Amino acid sequence: MTGWAVAALAAGTYLTRLSGLLLRRRLTIPVRVRRLLDLGATALLAALVATAAFTQGGGFAGWARPAGVALGVLAAWRRVPLVVVVLVAAGGTAALRLLGVS
Amino acid sequence: MCSIWRTTPREDLRDAVALGAAMVVVGASFGALAASAHVPLLLTVAMSVFVFAGGSQFLAVAVIAAGGAPLAAVLGGLLLNLRHLPFGLAVGGFVGRSWPARLLGTHLMVDEVIAFARSRPDPVRARRAYWLLGALMFVGWNVGTLLGALAGTAVPDPSRFGMDAAFPAALLALLLPALREADAARVALLGAAAALLVTPRAPAGLPVLLALAGLVAAGRAPKDSEVMS
């Protein structure tokens, strides 16, 4: 890792974040398009969840992780606080790994 | 900034502190990875302060550790972060209107922060939630990075504590209220399926972007679309 590489990644990332924000200020966005943008964010977040829960380095992550995520979401369904969701998911996955499930 | 602690609902505060604490653990594993890849301490810390996008930082350091070129590390990280453009379009309203707020708030645009703010019931609370979690995630990530970089190989693998399950579970929990609407559920399901399908064949970052194809399932505008904030 070199200094310029870090600077380039930082600048590029910042400008990516800023450009969406500024575009939004510039355009007057019709209600329907605004809903689509909102749905787009939902799609991106759902895809982040799915890929983070099931995959690792382009392959299957093993069963322990998605099982822990499922336990956490089941807890969330029961309307427990987010901190409990985090603890249940992490604890479930850690317990499965202790039992030898990868 | 002081008043944010007194006026923020307790549950928002509690949840944000929990996520910020989890960030310390993941940050420490990033710091340790960078140390094992012989990235200088100052550069590792600078990365966490100025890039502040965990996935792209892990990816960039992994590319370098595997003997890849710095340019490949930068391009890979930028592709992974491209999702922040549509995120900014969708949730830019959370950061506030003044220029200092916009320029600083932009830097705090992290997946969990976006999901957390979106899941608050009203705009004022959403804005406070954005800044609260954004600040705590930033502090947690950087404290963790520093600790991990200093401790190096002494840092245990966070997957032993199931930390790799904690963040997707939290994200999905934050997404649940939005998924009660039928069009959002359709779009999310199709988007997630598309991303999973292409993951084995596409470079990191592209699958998540392809999830936008899920918008074809949005259907026609609902009658009550005027009430959207």
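**Labels and the values behind them**

Reply: This is a predicted model. With 229 residues, a compact globule would have a radius of gyration near 17 Å, and chain B has 18 Å, which agrees. The C-alpha atoms of chain B fill a box of roughly 55 × 45 × 35 Å along the principal axes.

Me: What makes up the secondary structure of chain B?

Reply: Chain B has twelve helices and zero strands. Buried residues make up 50% of its 229 residues. Of the contacts in chain B with a separation of 6 or more, 70% are between residues 24 or more positions apart.

Me: And what does chain A contain?

Reply: Chain A comes to four helices and two strands. Along the sequence the pattern is α-α-β-β-α-α.

Me: Why is chain A called more spread out than a compact globule?

Reply: The globule rule gives 13 Å for 102 residues. The radius of gyration of chain A is 19 Å, well over that, so chain A is more spread out than a compact globule. Its C-alpha trace spans about 55 × 45 × 25 Å along the principal axes. Of its 102 residues, 51% count as buried. Among contacts in chain A between residues at least 6 apart in sequence, 41% join residues at least 24 apart.

Me: How do you know whether helix α6 of chain B is enclosed by the rest of the structure?

Reply: Count its buried residues. A residue is buried if 20 or more other C-beta atoms lie within 10 Å of its own. In α6 (residues 84–91) of chain B, six of the eight residues are buried, so this helix is largely enclosed by the rest of the structure. The six are B:H84, B:F87, B:G88, B:L89, B:A90 and B:V91.

Me: What covers the buried residues of α6(B)?

Reply: The cover includes parts of both chains. From chain A come α1 (3–26) and α2 (31–54). From chain B come α5 (70–81) and α8 (111–118).

Me: What makes α8(B) and α10(B) parallel or antiparallel?

Reply: Take the angle. These helices pack at about 25°, with their axes 8 Å apart. Angles under 35 degrees count as roughly parallel. So α8(B) and α10(B) are roughly parallel to each other. The crossing of α8(B) past α10(B) is left-handed. B:D111, B:E112, B:A115 and B:F116 of α8(B) meet B:F167, B:A170, B:L171, B:L174 and B:L175 of α10(B). This contact divides into seven nonpolar, no polar and two charged residues.

Me: Now α3(B) and α9(B). Why is that pair called what it is?

Reply: Their axes come within 9 Å and cross at roughly 165°, where α9 of chain B is residues 123–151. Over 145 degrees counts as roughly antiparallel. That makes α3(B) roughly antiparallel to α9(B). The crossing of α3(B) past α9(B) is right-handed. From α3(B), the contact uses B:L41, B:T44, B:V45, B:S48 and B:V49. From α9(B), it uses B:W141, B:N142, B:T145, B:L146 and B:A149. By class, there are six nonpolar, four polar and no charged residues.

Me: Is B:H38 buried or exposed, and how do you know?

Reply: The cut-off for exposed is 12 or fewer C-beta neighbours. B:H38 has 9 inside 10 Å, so B:H38 counts as exposed.

Me: And B:F52, buried or exposed?

Reply: B:F52 has 22 C-beta neighbours inside 10 Å. The cut-off for buried is 20 or more. B:F52 therefore counts as buried. Its phi is also positive, about 45°, although B:F52 is not a glycine. B:F52 sits in the loop between α3 and α4 (54–65) of chain B.

How values were computed:
Residues numbered from 1 in each chain as written. Chains lettered and ligands numbered in written order. Predicted model: local features only at pLDDT ≥ 70, side-chain atom pairs only at ≥ 80, totals over all residues. Rg over C-alpha atoms; globule rule 2.2 N^0.38 Å. Contact = placed C-beta atoms within 7 Å. Axes fitted to C-alpha atoms, helices over the stretch in contact; angles between N-to-C directions. Parallel < 35°, antiparallel > 145°, perpendicular 65-115°, else oblique. Left-handed = near helix turned anticlockwise from the far one by under 90°. Nonpolar A, V, L, I, M, F, W, Y, C, P; charged D, E, K, R; others polar.
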